[in-house]
There are 2 protein chains.
Amino acid sequence: MTRVAMERKVLTENDRIAAGLRAQFARHGILSVNLISSPGAGKTSLLERTLERFGAGERVAVLTGDIQTDNDARRLARWGFPVRQITTGGACHLDARMVEQALADWDLASLDLLLIENVGNLVCPSSYDLGEAAKVVVLSVAEGDDKPLKYPAIFFKSELLVLNKVDLLPYVNFDLALACEYARRVHPQIEIIETSCTTGAGLDKWLEWLKARRAMVVAPSIILSEAKDPRS
Amino acid sequence: MTRVAMERKVLTENDRIAAGLRAQFARHGILSVNLISSPGAGKTSLLERTLERFGAGERVAVLTGDIQTDNDARRLARWGFPVRQITTGGACHLDARMVEQALADWDLASLDLLLIENVGNLVCPSSYDLGEAAKVVVLSVAEGDDKPLKYPAIFFKSELLVLNKVDLLPYVNFDLALACEYARRVHPQIEIIETSCTTGAGLDKWLEWLKARRAMVVAPSIILSEAKDPRS
């Protein structure tokens, strides 16, 4: 009983900070995306391929979480966009306070898109709201098609499933149709994009998804400001 | 501060139960191995290939942990050895109490080897002692060679690293020598076996490791009983 009460308290504190972040992101019209996967599913590679396709004028930034090392931040910094590493020092997930602290001295007015790469873990990060507009789960085909049923929480909470490393399909025992069926069994509305960061397959669709999702973030705030002051 | 205190209390309770399990395993001369990896690194496939190579007289049993589904227990039951699924219902790791409960009605005197397949998670299971003689970390080459540096705790605590899915090496960007160097940087004494459950490569070495490790479990108890009663 004590443990349950404690968990609730921790999550409430996290939810409070996450709500503050969400309000900030909304005020600045920022789409924030929380990328979650097992270790090695290809989150960093997906971000590399994403940043390399963005023009220099793109208003994008990345927070990347790891238990140890700043390898990912160094990999991602090459494209010249703001990148910051959050090293959790043992924690198995990012929480809202870590994101709040990492953003403290950033000018959010200069951003349209914030990509948050969580710690590699298909379980724990799903319980921690970071104030993001959308969670995206990345699953590598090398991990097996049964993962949506075995780790349902993250598939239930994610708007989009990125099925990555499809270039490995000829060499692994992975039934693509079955994996999609399992994901939709857990979350019927989940969108699915198949990608390969090696061949570039599906990356256009991923960028289109980001663009469309960003439009959804901006639209309500325009409508809201019009509703507030119809004369302006 | 409160959170740290809580974690300590939970771990102390876990350690108490784990010590009880360890004493039971020692009394019965059982080698218990705790297999830890990311989701989809190939723990279940490794166990399938292990059980299929054992003769019917082998005194082996398997506990397999998952958040949801009993898929793995069903996969593993085919070889006729005792297999039990532990479904954690959300928890990101096995703990000693789950193992204790799963073993409650098993006759440990009938076992020489207990293989425990943890929940797919490269982070949290490393903090929970299950009373095992050895932790074994399984890393798929599809996950990337940097994982020992990014998730050091489990590589530090494991006696053996099983580098699995080496059949995929031609198709992925994975530097085998570098991965081994990173693992040894975290844990200089770690043993490393390269395996493929698809081609069968390295499985003999894995079985030899289990045999040698079992001999280490049995030997001290013989020495102990001789020391206790030299006349017998």
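What rotation superposes chain B on chain A, and with how much shift along its axis? The rotation is 180°, with 0.0 Å of shift and an RMSD of 0.0 Å. Copies here are superposed by least squares on the C-alpha atoms of residues with pLDDT of at least 70 in both. The two copies are thus related as by a two-fold rotation axis.

Quick housekeeping. This is a predicted model, where local features need pLDDT of at least 70, side-chain atom pairs count only at pLDDT 80 or more, and totals for chains, interfaces and linings use all residues. Residues are numbered from 1 along each chain as its sequence is written, and chains are lettered from A and ligands numbered from 1 in the order in which they are written.

OK, the interface. Chain B puts in 30 residues and chain A puts in 30 residues, where contact means C-beta atoms, placed from the backbone, within 7 Å. The same surface serves both copies, since 100% of the contact residues of chain B recur in chain A. On the chain B side, α1 (2-27) and α5 (147-150) each supply at least two residues. Helices, by the way, are DSSP runs of H or I with at least four residues, strands are runs of E with at least two, and both are numbered from the N terminus. By type, that side of chain B splits into 14 nonpolar, 9 polar and 7 charged residues.

Now a single chain. Chain A has 8 helices and 7 strands, and 43% of its 232 residues are buried. Buried means 20 or more other C-beta atoms within 10 Å of the residue's own, exposed means 12 or fewer, partly exposed is in between, and the C-beta atoms are placed from the backbone. Of the chain A contacts with a separation of 6 or more, 75% are between residues 24 or more positions apart.

On to the sheet in chain B. It's open, with 7 strands in the order β3-β2-β4-β1-β5-β6-β7 and parallel pairing; two strands pair if DSSP finds at least two bridges between them. β3 (83-87) and β7 (191-194) are the edges, each pairing on one side only. Neighbouring strands are turned by 20° against each other on average, direction ignored.

So what's going on with β1(B), covered on one face or on both? Both: Leu31(B), Val33(B), Leu35(B) and Ser37(B) are buried on one side, and Ser32(B), Asn34(B) and Ile36(B) on the other. In a regular strand, side chains alternate between the two faces of the sheet. β1(B) pairs with β4(B) over 5 bridges, with Leu31(B) partnered by Leu113(B). Its pairing with β5(B) also runs over 5 bridges, and there Ile36(B) stands opposite Val137(B). Further along, 4 bridges join β6(B) to β7(B), including Leu163(B) with Glu194(B).

Two helices to finish. α2 (43-53) of chain B lies across β1, β2, β4, β5 and β6, at about 155° to β4(B). Axes are lines fitted to C-alpha atoms, for helices over the stretch in contact, and angles run from 0 to 180 degrees between N-to-C directions. In α4 (96-103) of chain B, the buried residues are Ala96(B), Met98(B), Val99(B) and Leu103(B). Down the axis of α4(B), they fall within an arc of 160°, so they line one face of the helix. That arc is taken over the directions from the helix axis to the C-beta atoms.

Terms used: Ala, Val, Leu, Ile, Met, Phe, Trp, Tyr, Cys and Pro count as nonpolar, Asp, Glu, Lys and Arg as charged, and the others, Gly among them, as polar.
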